[in-house]
Amino acid sequence: MVEYAAMRRRLSIVIPVYNARGFVDACLETLSRQGLEPGTWEAIAVDDGSTDGSLQALEERAQALPWLRVVSQENAGAGAARNRGMDEAQGEYLYFFDVDDGLKDGALRALSDRCAAERLDVLFFGGALSYESPEVEREHPQDPRYFERRQSPGVVDGGTMLVAQQAEGNYCGQPCLLMARAD
């Protein structure tokens with residue numbers, strides 16, 4: 001058995017949770033398929049005052065998942081939950097994963113490997129828009145290009161990146177589309 005508490009982790013995944021009981025199992029299953037080596041990562045689920053059983057579901061799952069820690073706080077919003085997760089994080093890199101997000105299998109392994117190999121401070125990447133149902137899509141339509149990264153890939157300084165994103169009309173400040181050095 002891997003002793004999680006004794007190892008320096010490469011990645012801390014912070015999951016803000018508020019009244020998302022219906023998403024908890026799929027979220028944790030998605031994280032388990034990321035190809036991350038045992039002991040090199042942790043997930044910190046911050047329950048933000050849920051009233052729907054989310055906290056209880058997380059606590060039950062944490063008993064069987066050594067990489068999952070659960071923190072609870074009074075409702076203060078997603079930003080405050082992310083901040084609390086950052087305070088608890090022990091990894092070199094941080095990733096924010098909303099409980100209703102999805103990831104391709106192995107995505108976090110590839111992203112954290114690139115961060116480590118190139119000693120990046122921040123890695124921005126793109127995503128694809130998906131909806132729970134056609135009804136949700138009709139009620140809350142979004143530009144599907146919003147989550148894309150259309151500028152050329154490569155390592156650049158922050159100013160160059162922001163200028164390129166602005167020139168492409170492509171700035172996307174979603175916390176789930178970046179991995180950053182914790183310090």
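A salt bridge is a side-chain nitrogen of Lys or Arg within 4 Å of a carboxyl oxygen of Asp or Glu. With that in hand, welcome to the salt bridges of this structure. The model is predicted, so local features need pLDDT of at least 70 and side-chain atom pairs count only at pLDDT 80 or more, while totals for chains, interfaces and linings use all residues. Residues are numbered from 1 along each chain as its sequence is written, and side-chain values use heavy atoms, leaving out hydrogens and water.

The structure holds 16 salt bridges. Here are some of them, with the N to O distance.

| Pair | Distance |
|---|---|
| Glu88 and Arg69 | 3.5 Å |
| Arg82 and Asp98 | 2.9 Å |
| Arg181 and Glu92 | 2.9 Å |

Glu88 and Arg69 meet in a salt bridge that links distant parts of the chain: Glu88 is in helix α3 (residues 78–88) and Arg69 in strand β3 (residues 68–73), 19 residues apart. Helices (H or I, at least four residues) and strands (E, at least two) are DSSP runs, numbered from the N terminus. Glu88 is partly exposed at 26% relative accessible area, and Arg69 is partly exposed at 27%. Here buried means under 20% relative accessible area, exposed over 50%, and partly exposed in between (1.4 Å probe, protein chains only). Both residues also belong to a network of salt bridges that links Arg9, Glu42, Arg69, Arg84 and Glu88.

Turning to the next pair, Arg82 forms a salt bridge with Asp98. Arg82 lies in helix α3 and Asp98 in the loop between β4 (91–96) and α4 (107–118), so the pair ties together parts 16 residues apart in sequence. Arg82 is buried, at 16% relative accessibility.
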